[in-house]
Structure formats: structure tokens, C-alpha cells
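Here are some questions and answers on helix geometry and helix packing in one model.

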Amino acid sequence: MSRTLRVRQSQTVLPFGVGAVLDIQGESFVATGIGDWPSRAKQKVESPRLASRLGVTGFYAAPAAANDRYDTPDAPGAPYIRFPSWLFCGACRRMKRWRIADERAGQPPRCSSCSPARTLAPMRFVQICAAGHLSDIDWWFWAHSRREAGERRQCGEREKLRFLVSERASGLEALSITCTAKGCGATRDLLDILGTHGMRCSGRNPWQRASEAVECVKPVQVVQRTAGNLYYPVMHSALDIPETDVPVHADNTLAERVREHDLWVSLCRVAGTPRAAMFRTMIQEDTGADEELIDALIAEETGQTSAAPAGDSSAAPPRPDLSREEWAAFTAPAPPATRDFALRETTLGLDGESEEPWVGLRARFGRIVLADRLREVRALSGFTRVSPDATVVPADTARRLRWLPAVEVFGEGIVLTLDRTQLASWESDGRVCQRVSGLRADLDRSFQKDRLESLTGPELAPRFVLLHTLAHLLIRQLSFESGYTTASLRERIYARPEQDQYGILVYTAAGDAEGTLGGLVRQGEPPRLAETLLRMTEAAAWCSADPLCAEHTGQGFGNLNRAACHACALLPETSCETGNALLDRALVVGGEHVPGYLEAIVASARAAAATALEQT
């Protein structure tokens with residue numbers, strides 16, 4: 001029976017971008033490098049600002065196609081090839097090494113030994129390394145690696161293998177690889193298959209030719225093909241905003257000359273590497289800027305300082321900070337407007353209120369901006385395996401192309417800002433600073449430090465944790481009231497003190513449509529947003545995991561969260577910029593040892609509720 005395999009165009013960047021393994025209709029494939037994309041059919045995606053920051057010539061989206069070249073090499077679409085190539089029959093248990101010559105257009109792989117022919121299933125285990133390589137396990141080696149009587153069995157038949165299941169055991173011990181070559185009979189179960197073994201790395205990914213393999217000495221790890229550490233995409237995104245007059249460093253003229261220098265983008269890309277010294281020297285000679293100014297400007301742009309120790313030149317360049325221009329557009333006195341960027345200012349609608357908690361709520365929030373239309377470009381620059389801080393494999397594994405794969409998505413959003421005076425007063429409290437200092441110490445010890453600092457800035461400020469947690473709480477509350485699921489909403493945090501940022505953007509972006517229907521923006525209009533914020537604050541004051549959650553001194557991966565768990569603050573990974581890290585509900589609603597920014601709202605709301613109850 002013929003079948004059609006489909007992947008939406010938006011999925012060719014995330015989650016099924018270059019290097020990702022996907023299961024579909026019982027078959028398994030891997031997305032190849034962009035060098036294999038069809039050259040004529042791909043669609044150009046415009047985003048000059050993002051292209052300039054990433055140092056590329058532009059972006060292209062994969063051509064839309066019904067069959068994305070799984071088994072038809074000449075078909076349009078983003079190419080995917082079958083992986084793993086080792087398959088087995090569920091009936092006779094024979095294993096077969098599938099090759100491109102065995103493919104039949106529109107047909108899944110079949111077992112030639114069974115009648116009627118059974119569909120072959122992919123093996124569930126593959127091997128990866130920290131250099132970003134992915135390959136099949138050498139199952140012949142595995143079957144013959146069990147030592148018996150002091151000798152390792154050998155035979156010349158490398159593909160006469162069977163994947164057997166025993167009824168006398170359970171788990172991985174019940175699975176075994178057996179060689180059926182005449183006179184051999186070597187066998188070994190899969191009890192200890194996971195982990196690091198003495199296997200050699202192939203030095204390449206499945207879509208690369210044998211001539212492209214490199215000598216790799218990284219230890220090989222065997223994982224399931226759907227394991228979480230098999231694929232970590234390196235994503236970048238930018239909103240399509242009109243050009244605005246963005247405020248610059250205190251020394252406006254000199255700072256602007258540095259940013260306009262021809263080598264400025266190149267310096268930001270290689271900050272922290274040995275190559276940065278050459279660019280710094282040339283910029284200083286041409287502009288007269290001192291070391292301190294350049295360090296501050298690089299910190300603003302990339303979230304890293306150029307004075308960091310020089311690391312491996314092959315490491316990934318720092319992620320650029322794209323929030324500066326976006327924040328300027330959202331806070332401009334007269335918001336700019338284009339076909340893909342439409343803003344309008346509104347309020348909480350509480351000007352006539354004179355009772356708590358509405359008075360306190362109005363005092364703690366500032367400007368509200370509704371984005372009726374947003375356009376976002378999401379680009380994939382590469383990926384890592386084993387861990388997020390491992391060697392980055394570029395989207396073009398041949399390293400010949402100067403463009404990146406990307407998709408454009410359209411949506412709507414709500415920009416919520418805090419009151420600057422109230423925020424400054426809360427942020428200067430010693431108890432707040434002490435609580436955030438502990439979180440900052442955990443961040444310094446985390447392997448995610450470089451990635452998260454590109455979002456938080458050179459220093460983790462209390463306002464970032466506050467705004468980030470507030471964004472999570474708001475998304476969770478809006479999911480009950482706007483009709484969108486939490487996975488459909490995303491956040492952008494604007495919390496860099498050096499750029500005077502103090503707001504969040506909660507938005508939705510759909511990759512398969514020309515926008516959304518206004519349900520999110522409608523929730524931002526008065527008086528709905530004020531009521532949503534009040535219900536959000538009341539809900540955040542209590543977690544079903546309290547008191548354990550509220551009193552936690554470190555939870556989540558790397559202890560990068562405090563009072564935040566799945567019951568109260570965490571979101572789907574696709575919704576959060578930081579991967580559900582740097583969250584603390586206590587900074588929003590208060591705790592035993594720290595004042596919350598909205599703690600007074602919680603107290604006044606409870607008092608008003610008690611009064612109303614007494615009156616009834």
C-alpha cells in the first residue's frame with residue numbers, strides 16, 4: 001500500500017530541523033544538511049536584522065512538498081533519509097542493513113523472507129558523540145563482543161543477524177543480537193547496551209559521504225533514537241520591526257561610531273575567542289574607543305564580555321542580543337506600524353478605581369501595548385548532541401553556504417511593562433538581592449551559563465527573574481481564558497538594566513496560517529487584562545506542592561529554579577526562552593524571607609474577599 005509522509009514547512013526548522021531524528025508512521029528518518037536542499041524550490045525569508053547579527057547573507061525556508069524526499073531522491077522538499085539503516089522484521093526477527101538502492105518510491109521497507117511481506121521496523125538504539133556525530137551501532141561487533149572461554153568469537157558474515165526476544169527475561173535483558181552464520185552462533189543481550197562502550201565513532205552524520213568523515217576520538221554513547229540528548233537545536237529568532245531611533249550608550253556619539261564600524265558584527269560573533277583581539281584593536285584604532293566602552297557594548301549586544309578567557313576557536317559564537325531594537329519599538333511614544341507590525345497602546349482600565357486591590361495593581365504596572373500583528377523569523381544555525389554545550393554542528397555540514405534555514409510565522413501579542421519607580425524600590429531591597437545572588441551563584445556553576453547570559457545580560461538582575469516568572473504565570477493564566485494552550489503561547493523577556501528594560505511580551509505565532517484571530521489581543525483589552533492579572537496573582541500565591549515548592553532552595557536542572565515547579569510555574573519547553581530555568585514565584589507573590597513585587601496585591605485581594613464574605 002502506497003503512503004505519503006508529510007512534514008509541515010514550519011517543522012523543517014523545529015522540531016525536525018537539520019540533524020533531528022523523527023518517527024513517522026512506524027518509520028524513522030533523519031533530516032539532512034541544507035547543502036542537500038533543492039536549490040530552485042526553496043523560498044527566501046526576509047529578516048535583514050537577524051541576518052546582520054548572525055553574519056549570514058540571508059535565510060531560506062524549505063519548499064513545501066507532500067512527500068519530503070524520504071524515499072524519492074528527486075522529489076522537492078527538505079530531504080530526509082532513512083535512519084537507522086539497520087531494520088528488523090517483527091515476524092522472523094531477521095535484521096537487514098537497508099541501503100538507498102533498496103528504496104521503493106511510496107513504499108515502506110519490506111521483509112523479503114516473509115510471506116506475506118512484513119514491514120521492517122527500525123532498531124531503537126543508535127550511537128552519538130559530543131562532536132555531533134550520529135551513526136548506526138555496529139551490531140555485528142556487539143553480537144561478537146561477548147567473551148566466551150577467554151576468546152571473542154569471529155566470523156566472516158557481517159549481516160546474518162537476528163534481533164531476538166526471550167520469554168525468560170524482562171527489560172533489555174530479554175533482547176539480544178544473535179549471529180546466524182554457520183558455525184558461529186555468537187550472541188549478546190542488550191542489558192548493558194546504554195552508555196559508553198569501546199565502539200569507534202564514525203566521524204560523520206548519516207547524510208554525509210564516507211569521504212567527509214573525520215577522525216573523531218570522542219567517546220561514543222549509545223542512546224535510544226528518541227532520547228532527549230540526541231538533538232539540541234541552536235535556534236535564533238527575531239521580530240520583524242520597523243527601524244527606530246534606538247537609545248545608545250551614555251557616550252552616544254562614540255558608541256554609535258563603534259556600532260557602525262565594519263568589523264563590529266564580526267567582533268560580536270567571535271567575542272571570547274582569540275580572534276576577537278584583532279577586531280578589537282582595529283576598532284579601537286579607527287574610533288578611539290577604550291576597552292571599557294567596547295566591553296560594555298559587547299555585553300549589551302551579546303550578553304557576554306570580551307574579556308572572558310579565550311576558549312576553543314571551534315566553539316559556537318555567542319548568541320546575539322536582539323532585544324534592544326524590539327524594546328525600543330514597543331516603548332516608542334508613537335509606536336511604528338507596518339503591514340507585519342501593528343501596535344496600539346491601551347491601559348488596565350483602572351483609572352476610576354479607588355479601592356484595593358485595583359489601586360495597587362494600577363500602581364505596579366505601567367504601559368500596556370497590544371500587538372495586533374507580529375511577524376517572527378525563526379532560524380536554525382546548527383545543533384549539538386550529548387549536551388547543549390557540546391560542539392556545534394552547523395546546519396550546512398559542508399561549511400560552504402552562507403545562508404541558514406528559517407521559517408516566518410505570524411501572530412499577535414501583549415506587551416506588559418512594570419512601573420519603573422515601584423520596580424526600582426523593590427529591586428533595591430537587600431532581601432531581594434540576597435535571594436537572587438544565590439540563584440546567580442548556581443548559574444555561574446551551570447553548563448548553561450553562556451547560553452543564559454545571552455538572555456539575561458552580563459549580570460543576573462532581580463528584574464529578570466521577576467519578569468520571567470511573571471511571564472510564565474501570565475501564560476498559564478491566559479491559557480484558561482484566551483482559548484490558546486500553553487504550548488501555543490511564547491514569551492520574550494526584556495529585563496536588561498543596562499538598556500533600561502522592564503517588560504515582557506506574551507505572544508502567539510502560527511507557522512501554518514497568515515496569523516491568528518485576535519483572541520489573545522482581546523484578553524489584553526480593559527478590563528479583561530486587569531482581571532486576568534488579579535486571578536494570576538491569586539493563583540500564584542498557592543501551589544499544590546507547597547510548602548515544599550515555596551521553601552525550596554534549589555530545584556530544576558542545575559538548581560536554577562527556586563519556588564517554581566510543574567504545578568505552578570513551568571511551561572512547555574517551546575514556550576520558554578531559557579528552558580524553564582531562572583524562575584522564582586516568591587519574587588512575585590512574596591515568601592517567608594523575601595518580599596514579592598505583587599505581595600501587597602495578594603494581601604489586599606484576600607482582605608477584600610474576607611470583607612465580602614463577612615457582608616454576605
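Predicted model: local features only at pLDDT ≥ 70, side-chain atom pairs only at ≥ 80, totals over all residues.

Residues are numbered from 1 along each chain as its sequence is written, and side-chain values use heavy atoms, with hydrogens and water left out.

Reader: How far apart are the end C-alpha atoms of helix 5?
Author: Helices are DSSP runs (H or I, at least four residues), numbered from the N terminus. The expected span is 1.5 Å times one less than the number of residues. For the 12 residues of helix 5 (residues 276-287) this should be 16 Å, and the end C-alpha atoms agree, being apart by 16 Å.

Reader: Within what arc do the buried residues of helix 5 fall?
Author: Buried means under 20% relative accessible area (1.4 Å probe, protein chains only). In helix 5 the buried residues are Ala 276, Phe 279, Arg 280, Ile 283 and Thr 287. They line one face of the helix, because seen down its axis they fall within an arc, taken from the directions from the axis to the C-beta atoms, of 100°.

Reader: How are helix 14 and helix 16 oriented to each other?
Author: Axes are lines fitted to C-alpha atoms over the stretch in contact (heavy atoms within 4.5 Å), and angles run from 0 to 180 degrees between N-to-C directions. Helix 14 (residues 528-540) and helix 16 (residues 599-615) pack at about 95°, with axes 10 Å apart. Angles of 65 to 115 degrees count as roughly perpendicular. The orientation of helix 14 and helix 16 is therefore roughly perpendicular.

Conventions: Helix = DSSP H or I, 4+ residues; strand = E, 2+ residues; numbered from the N terminus. Buried < 20%, exposed > 50% of the residue type's maximum accessible area, 1.4 Å probe, protein only. Parallel < 35°, antiparallel > 145°, perpendicular 65-115°, else oblique.
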